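Here is my notebook from a first walk through this structure. Have a look at it with me before reading on.

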Amino acid sequence: MSYGVYLLKQAWAGLNGKKGFLLTVVATLGVALGALLCIITLAYVVTFKPLPYPDQENLYQLNSVIVDKNKGVIARAYSYPSLIQIFENQNVFSQSALVRYEDGVLSSQPTQPSVRSTYVTPGWFSLLNSKVTIGRTFEGTEEKDSYNPVAILSYDFWQDEFGGNSDILQETVTLGGTNFKVVGVLAESFIEPQLAGIGVKTDIFLPWDFNTLDAPRRESFGSFSVSSRLVGRLDSKFSSSQIEQDLTIPFNSFWRENVNDSAFENWTLELELQPFKDAILGDSRNTVLLLLIGIAGLVLIACANITNLFMSRTADQQRELAIQAALGARKQHIFHNLFAQSGLLVFISTIFALLIASGGFSLLQHYLGSRLPRVDEVAINGFTLSCALLIALLLGLFFARISAGMINYRALNDTLQSSGKGTGIQVSNKVRRWLIISQVSIVTLIVFVNLGLLRDSLKIINEPLGFRTENIIALTLKINSASDMSHEESKSLLLELKERLLALPQVDDVSQSVLPLGAARRINQGIEGTQERSLVRTKYIDDRYFQLIEQPLTQGDFFSESDYRNENNLIIVNETYAEQLASEGSVLGAKISLANVVYTVSGVVKGVKMPTERDIPMRAYLPMADSRPQFLLKLKSNQSVSRELAATIVQDIGSQFFVSELESLDDQRDKLLFTQYTTAITSSVLALLTFFLAAIGLYGILAYATQMRRFELGTRLAIGAQRKDVIHLVVKDNVGSMAIGFVISFVIVFALYLGFSAELVNYINAQLIPLFVCTIVLITLMTCFACYWPLRTIINARPIHSLRGS
Amino acid sequence: MADIKIKMENISKVFETEEMETYALKNVSLVISTGDYVSISGPSGCGKSTLLSILGLLDMPSRGEYIIEDMNVANLSLDEAAEIRCKKIGFVFQSFNLIDDISVFDNVALPLRYRSDKLSVKEIEQRVKNCLDKVNMSHRIQHKPNQLSGGQQQRVAIARALVADPAILLVDEATGNLDSTTGDQIMDLLDELNRKGTTICMVTHESQYACRARTQLKLLDGEISSTPIQQESKHLLNA
C-alpha cells in the first residue's frame, strides 16, 4: 500500500470515529462553498464568459440618445423614420438588423395567450448565427418591405404552447389579426441576447414589416420609442468614438430638418455604440459583486468556525499524535497526517458543495432569472470545477497548517509522561482572540449591510402609493392591427364594453384609463408662450379614474363625463407639476402647450409615487382614450372576474379585440416590488444565516476556550469567586476582541462610504446610526450568550467537578 | 477548651449510578478547634480528597451535619458556599492552581477581590504584602507563576490561602508535586503558620508529614478507621 493511500485510510478511520465533527464540517463547508461556487460561476458568466455568438466582441447596439441643452440624457429612443434612415444609410456595420420588442395576443390558439413578439429583419439571425430545430430562419424573402407573413417560434414556446408538435411548419399563427405561417423553430441551445431587459424572452419572431406601430407614428419624427433597436457587427478600423461622432452629425441634421415642432428646440440626437455585452449586462455586475462579497463573508465565517473545529480536533488528537511522535514520526509526518484528514474532509465537502451549487443554479434561474442577466447560462462547467479543486486544495492546506501550527512537537513527549494531561497542543489565546475578532467584524459588517438593505426594501414595500389598489383589477386589451376600424368606431365600441363591464354583478365601478401602475407617455410640454419645456409623464384617463382609485383632488375639479366624451382641452396635474408651473399662487387656469394643442389646468391631484421611484415626478392627466385600451374594474367585496368571462364579453363587443392581460392592481404592485421583495428575503436570509453561523462559530470558540480554562475557573470558584464573578471575568476577557471586531467593521463601512460615496449616497445616512447600534447590540448579546452558555456547566456545579475535570 | 471551628457529624458522601451506590464517605464525624493541626491520611481512594472537598465547601455531603463557626453549611447554595469559602476557608492545592496569566500579587489578591465587602486598594496591597512576607515571597511579587519554581509556587498558593484571614487552612497533598527538600520546606512553613495560630487541616498520604500534625486521622474505605491520635507534634516537640 502506498504511503498516500495509507494516510487516507488512517484519516478516514479517524474521521469515521468522529461523525459529529465530520458532519458539522461537511455541512458547514459544503453549504458555504456551494453558495460561493454558485456565485463565483455567476460572476464568471456575467463578467468574463464571452457571449455565445460569433465575433461577439464586434456586436454592437447603435443607440439614439436624446440630449437636452445641458447635455443631460433625456432618453435612449428612436423616432421611426430616423431609425429607418440610419439603418439604410449606415456603412459601419458589415451586417445589421432592425429589432422591435412588443407583446401581443396569439388569437389562433384556443387559450389566446399573451406572447412576447419580436419583429426583426433577417440580419438578426445571421448576426447571432442562430440554429433551428425545424425549418429555417428569416431569409431574403423576409427583408424589410417584403411583407411576407411568416413566423419563427422559440424552442420553449413551441414546447409549451404546441407541445413540441413536429408538424408545426404546416401551421399558421394569428397575431394582431394577421396570419403568419410558421417557417421555423429555433434550436433549444439558442440563447437570445436579452436586449429588451433581463428575463425578457421572445416567444415568436416576426418580420420587421409587421410591427404594430401605426402609420402616423411610422412617419413622425417627434414620436420616440424605446422598443426599437438597430444592431450590427462593426466592421471598421476607426474607434467607436470616431464612428459615433461621424454618424451623429448627419443623423441629428436629418432629424432636425424633419421634426417640425418647436417643442424639440432644445433637443439634440446623438448616436452611441454600445457593445452587446454592456447592453445585456447593464449594471448587473455591481449586483453580482455585492452578492459575491456577501457570500465571501459567509465563507470566511464558515472557515473561521471550521478552523476552530480543526483546532479542537487536533487538541483531541494530542495523545495519538504523541504516540506517533514517540514512535519516530517527524514533524513532516505529522503534517502529512493532518493534511490527509483536512484534505479528505474538504474534498467530501467540495463534492457536497458542487451538489449545493447545482441546486443553487436552479434556484438562481427560477427566482433571479428576471433580475440577473445570463442566468440561463449558469451551470457547473470547467471554471466551476477548477475553482472547486483550487479552493479545496487551499483550504485543505490551510486547515492542516493551522492544526500543525498548534503542535509543540517537543511537548508532545510530555503528553505521554503526564498520562495525557500535558500541554503539547493548545489553541493560543492570540489565535482565539483573532478568531473572535474576525467573526465579530465579518458578522457585524454583513448583518449591518443586510439589515440596511432590508430596511430600505421594507420602507419601499410599506410606503403608501397614494391611491387604492385593493379590489381593483386591470384589464388590457389588444386590437387587431389589421382591422381598419376608425378612432370613432373604436371609441364607441369601447364605451359599449365599459357599459357591459359595469353591468356585471361583481363590478362596482369601471374606468377606461391608462393603468395607474403602468407606464405613462412622456410628452414634452410647458406653459404656453414660453420656451420652457419638460418631459412629463402623461396619462389618458376618463371621468371615473380618480374616484375609482381614490386619488385625492387638492384643487379644482375632476374631469366630467362630457369632458371625456368631448375630449375637452383640459388637463389635471399633480402637486409636483403644479409647483413647477406656479410656485406661488394657484395653477388653475394656466395654459399648457402640449403637442401643439393648448390645454387648461382644471385640477390638481395629490402625487402618487410608484414603488420604483425615489421622488414623486411631475404627472399630467388628459381626458381622452389611449390607443391601447385599458380598463380598471373596481370589484364588490369578495368578488372576482375571470379571464374567460372578460374574454367572452370582449369578443361579444368585437372580434377585433382580445384580452391581453387581466390582473389585480395588488398583483401589479407586487410585480413592481419584485426587486424589493427579493432583496428583503435575500438580505434577511443572508443576515440570519450569517448570524446563525457566527453564533455557532463564536459558541465553538468560546466553548473551547472555556473548556481550556475549566481548571482555572474551578480554582477561582474554589477560592471564593461567585458565579457572577466568573461570568463577569469571561465576558470581560472577550469584550476587547469584540470591540476590536466592531471597530474593524466600522472602519470598513466608513472606507466603503469614502470610496463609493456617490453610489451609496441613497443608502448611507444618519438613520443608519441606530441600525448600526442595533447590530452591535444584537451581536453583543449573541457573544454574551456564547460566553455564558458553555460556562453554565462550570458555574452551576460544585467547584470540585471543574477541579477534577469531571 | 479551645473554640470549636469545625464540627462534622455523620457526614456521608454517596456517588450514585443507575446500578449502584458507592460510599466515598460513611458517617464521618470530626471536630477541629481553633489552632488545631489535623492530618488526614490513608490509602488511595479512601476518601481523603472527598472529605477535604466537603470541608472546603467545594462539594456538598449527601448526608450529615457540617458546622463552621456555629453556622450549618451542609446545604448551602453555590453562591452562599462561595461567600463562606472566600471569608473562612483557605485552600492549598497539590498542583498549586495558580493562574499563569496574572502576577504573584494578583494571584494572592484574588480572594480579596471576590469578597462581597470590598476592601480598599491600599488594604488589599497591605494584606497581600503581609502574606507574601509570611511565606518569604515578597521579592517575587511581580513575577508570573510560570517564572517560579514548584516550591515557590506552593508558597504563593499558601499566601493566597491565608490572605483572607480564614478560619481554617485546608491543605491537599501540598507536597505531592514537589521534591523531598522542597516538600520539607513547605511543611516547615505550615508548621510555623500553625505555631503562630493558623488552624490547619491537611490531607497527605506521606506518613512523615502526617505525623507532624497534632491530630492524625486515618481513613479507610470512607470511614475513620481508628480513634484520632492526639499528640504533640514531634516536630513541635523538637522545636
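How many residues of domain 1 of chain A are in contact with domain 2 of chain A, and how many of domain 2 are in contact with domain 1? I looked it up: 12 residues of domain 1 of chain A are in contact with eight residues of domain 2 of chain A. Here two residues are in contact if their C-beta atoms, placed from the backbone, lie within 7 Å.

**Entry: ground rules**

I am working with a predicted model, in which local features need pLDDT of at least 70 and side-chain atom pairs count only at pLDDT 80 or more, while totals for chains, interfaces and linings use all residues. Residues are numbered from 1 along each chain as its sequence is written, and chains are lettered from A and ligands numbered from 1 in the order in which they are written.

**Entry: domains**

I noted the division of chain A into domain 1 (1–55 + 284–427), domain 2 (69–266) and domain 3 (472–671). These bounds come from an automatic or database domain assignment. The side of domain 1 of chain A that touches domain 2 of chain A has six nonpolar, two polar and four charged residues. In this sorting Ala, Val, Leu, Ile, Met, Phe, Trp, Tyr, Cys and Pro count as nonpolar, Asp, Glu, Lys and Arg as charged, and the others, Gly among them, as polar.

**Entry: what UniProt lists**

I checked the unreviewed UniProt entry, which gives "transmembrane region" for stretches of chain A including 434–454 and 768–791. Its positions are in the numbering used here, feature names are shortened, and annotations may be inferred rather than shown by experiment. In the model, residues 434–454 of chain A are 100% helix and 0% strand, with end C-alpha atoms 29 Å apart. Residues 768–791 of chain A are also 100% helix and 0% strand, and there the end C-alpha atoms lie 34 Å apart. Helices (H or I, at least four residues) and strands (E, at least two) are DSSP runs, numbered from the N terminus.

The unreviewed entry also places "domain: MacB-like periplasmic core" at residues 24–247 and 442–641 of chain A. I found residues 24–247 of chain A to be 27% helix and 31% strand, with 63 Å between the end C-alpha atoms.

**Entry: a helix pair**

I followed helix α9 (residues 284–316) of chain A to helix α12 (residues 382–406) of chain A: their axes come within 9 Å and cross at roughly 45°. Axes are lines fitted to C-alpha atoms, for helices over the stretch in contact, and angles run from 0 to 180 degrees between N-to-C directions. That makes α9(A) oblique to α12(A); angles under 35 degrees count as roughly parallel, over 145 as roughly antiparallel, 65 to 115 as roughly perpendicular and the rest as oblique. Among the contact residues I noted Ile306(A) and Phe310(A) of α9(A), and Phe399(A) and Ile402(A) of α12(A). The contact of α9(A) with α12(A) has six nonpolar, three polar and no charged residues.

**Entry: chain A meets chain B**

Which helix of chain A gives the most to the side that touches chain B? First I noted that 16 residues of chain A are in contact with 16 residues of chain B. On chain A, α22 (710–718), α23 (723–755) and α26 (799–804) each supply at least two residues of that side. α22(A) gives the most, with five residues. By class, the side of chain A that touches chain B has seven nonpolar, four polar and five charged residues.
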